[in-house]
Amino acid sequence: MPVERRQGKSATAEVSPSPPPPRQEDAQRDALARELLATAEALEAAGKEPVSPGVAGYDVRVRIRDGETPVFGPGRLTLLRAIDATGSISAAARRMNMSYRRAWLLVEAMNHEFREPLVTRHIGGVSGGGAQLTPFAQNLVAHYDTLIKEIRSLLDAHVPTFDAYLKEGNAVDPDDE
C-alpha cells in the first residue's frame with residue numbers, strides 16, 4: 001500500500017507543478033494544425049456565405065461508401081490535400097496533428113479501396129522520400145468538389161423556406177407559398 005494511503009492525506013494541499021511551457025515545435029505544430037483546420041473548414045464552406053442569427057443555414061458532410069464501408073469523405077479529402085500541399089505523408093500528418101501511422105494507414109486503405117491508387121510514395125534517398133497524388137486521385141477530388149458544390153446549390157434554393165421557420169427569420173409563412 002502506498003505511504004500516502006497508509007498515513008492518510010495531509011492537512012496541507014499539495015500544489016501540483018505547473019506544466020512546462022510549450023516547446024517551440026509544439027507551438028508550431030499547433031499553429032499548423034489550426035491553419036489546416038481553418039483551411040478545411042473554409043474549403044467545406046466554399047461558396048457558402050457566413051450566416052447571421054435569424055437566417056437559416058446548413059452543414060453538409062458527404063461520405064462516399066462502398067456498401068456500408070465509408071471510403072471517402074471530408075477527413076480523407078483533407079489528408080489528400082495536405083499530402084498534395086506538402087509532398088509528404090509525414091508532413092501532412094504533422095500538419096493535421098495526426099500520427100504518421102494513422103496517416104499511413106489511411107493512405108494504404110484508400111489505395112486498396114479504389115480501383116487505382118490515390119497516393120504514390122517514393123522511398124527516401126539522396127533527395128529524400130515523398131508522396132504525391134495520382135491523376136486518379138486528382139480526378140476523384142475534383143468530382144467530389146463538384147458534388148459538394150451541386151449539393152450546396154440545391155440546398156441554397158431551400159434556405160429561404162427554412163429561414164421562415166426561425167424565430168427571428170423572415171415573417172412570411174412558408175406554408176402560404
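Me: At what angle do helix α3 and helix α6 pack, and how far apart are their axes?
Reply: Helix α3 (residues 74–86) and helix α6 (residues 135–163) pack at about 135 degrees, axes 11 Å apart. Axes are lines fitted to C-alpha atoms, for helices over the stretch in contact, and angles run from 0 to 180 degrees between N-to-C directions. Helices here are DSSP runs of H or I, at least four residues; strands are E, at least two. This is a predicted model: local features need pLDDT of at least 70, side-chain atom pairs count only at pLDDT 80 or more, and totals for chains, interfaces and linings use all residues. Residues are numbered from 1 along each chain as its sequence is written, and side-chain values use heavy atoms, without hydrogens and water.

Me: Which residues make the contact?
Reply: From α3, Pro74, Leu77, Leu80 and Arg81; from α6, Val141, Tyr144 and Asp145. Contact means heavy atoms within 4.5 Å.

Me: What does Phe72 touch?
Reply: Beyond neighbours within four places in sequence, its contacts include Leu77, Leu80, Val141 and Tyr144.

Me: New topic. Where is Arg121?
Reply: Arg121 sits in strand β3 (residues 119–122).

Me: How far is Arg121 from Gly87?
Reply: They are 34 residues apart in sequence and 9.4 Å apart in space, C-alpha to C-alpha.

Me: And what is Arg121 in contact with?
Reply: Leaving aside neighbours within four places in sequence, Ile89, Trp104, Val107, Glu108, Asn111, Gly130 and Ala131.
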